[in-house]
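Please read the following account with the model open beside you.

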Amino acid sequence: MRKFYAKVIAVLVVLSLLGTLIAGCGSKNVSDARKKVLKVSMGLGEAEWKVMKEDIFPPFEQKYGVKIEPLQIEAGDLIKKLDAMHKANAMDIDIITQDNMQLAPLVAKGLVEDLSQYRDMIPKEVIPSLVPVGEFNGKLYFMPYRPNVEIAFYNADKFKEYGLKLPTNWDELLQVAKTFKEKEGIGRVIIKENLGPDSTVQMFDLIRSAGGDPTVLNDEGSIKAFTFLKELQPYLSPDSKKADWNTPVEYLAKDSVYLVENWPYTANVLVEQYGKKNILAYHGWAGPVKESHVLGGEVIGIPTGAPNKEMAIKFMQYLMSKEVQEKLVAKLGWPSMRSDAYGKVADWQKPYFEAINEALKHAEPRPNLVYWADVDKAINGALREIIFENKPIKPTLDKYHNMIEEAKKAAESK
C-alpha cells in the first residue's frame, strides 16, 4: 500500500511539474508576442496624433520590428489608470508622456520607474532648466521631452482696423477689450475661465505677474489678479467660459475672437489647415510686477512594471533625438527641448518661434505638489465664486487658502 501511494505521489509531482512547464511555455509565448508591441500613452489633439502616426512612429517601428499601439489618455486620467493597473499587478502601458504639472502623484504612488541610471541619455543640447522638472528627492523619474508656453495670438486685421496696439500690460489689455466690445457689441478677447486646468494656467499667469503665489491664493498679488479680472470680465468674449487648450483655434479661425493666449501648436493648425495668415502672435502682456508664463509641457516616464521596458527605453531616447525634435518643431510648431532642433523651421514659422522664445524668458514652472489637485480645485473654486457668482474677493480667497493649507498639512502628515 505504501508503494502504491508513493507511486501516486510521484505521478502527481510529475504532472505538477509538467503543468508548470507548460504554463511557463505559454507565458513565454505571450511575453514574446507582447515584446513586439509598444504601448505608448499620450494626451494629444487630432492634428498631433496625425504627425505621430505618420512621421514619428514609423521609422522606430521599422528599425526595431515593433508595433506601436497609441493610447489617448489625458493627464488626470493617466494617474488613475496607472494606479489601478499597479494595484492589480497588471501593468499594460510601456511608456508615457505626461503633463509636467501632474508628476508628483506618480512618484508618490510608486507608479513610475527611477530613471537615474539613464541620465546620460539626456542630450547635451537640452535646455538645462528642463531637467530638474523630472527630479524628485535627488532621483530622476522623468526625461525632458516637450517644453511649452502659451503665447498671445491676435487677429492683425482687426487690430489694424481699429487702430489698436498690442497690449503689453493690464491697463492696455483692458482698453483693447473695451474697444472691441464697444465697436462690435460683443467681447472679442478671451481669458480662459473653463474651471479646469486651462483656467488654472491662466490664473497662475495673472497671479504671478502681480507678484502673488497661486498656491497661497490670498496674498496681495492674488487679490490684485482677481480684482483686475473682475474689472475685465464685462468686456470678455462669452467663449471665455468654455475656452480650453483646443477651442481657441476654432475661435481664431472663424474670426469670433481677436486676442487669446494659447499653446504654440495653434499657429501650425491656423496657417496650414485654415490658411489664416492674418493670425499672428507675440509673447503677451505683463502684470503690475512682471511678465509671467507657466512653463508647461510634457516629460517622458516609464510605468513601474512596464511589460516592454527595454523597448520603452529605446523609444525614450528616440523621442529626445534631434531627428524627432526637428520634426515636432517643423510639423507641429512645438518648442523643442533641444537647442539644435530649429534648423528646419519654415520662414512663416519664424515669427511664432520668436514669440515663443521671448515668452520662455519669462516662463516659470508649476510646483510639483502631491496635493496639486487641491490647488487646482481651490483656484477654480475661487474663480467660479468671485467671477460667476459675484462673491467678495478677500473672504473667498481666504476660504480657498485655508482649503489649500489643509491639503498641505494632510500631505505632510502621510
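The domain assignment, whose bounds come from an automatic or database source, divides the chain into domain 1 (36-147 + 297-365) and domain 2 (151-294 + 367-413). This is a predicted model, in which local features need pLDDT of at least 70 and side-chain atom pairs count only at pLDDT 80 or more, while totals for chains, interfaces and linings use all residues. Residues are numbered from 1 along each chain as its sequence is written, and side-chain values use heavy atoms, with hydrogens and water left out.

The C-alpha centres of the two domains are 27 Å apart, and 29 residues of domain 1 are in contact (heavy atoms within 4.5 Å) with 27 residues of domain 2. Together the domains bury about 2300 Å², 61% of it on carbon and sulfur atoms, where buried area is the accessible area (1.4 Å probe) that two parts lose on being put together, summed over both. Of the area that domain 1 buries against domain 2, M101, Y352 and E364 supply 30%, more than any other three residues. E364 also forms a salt bridge with K290, their closest N and O atoms being 3.2 Å apart; the term requires a side-chain nitrogen of Lys or Arg within 4 Å of a carboxyl oxygen of Asp or Glu.
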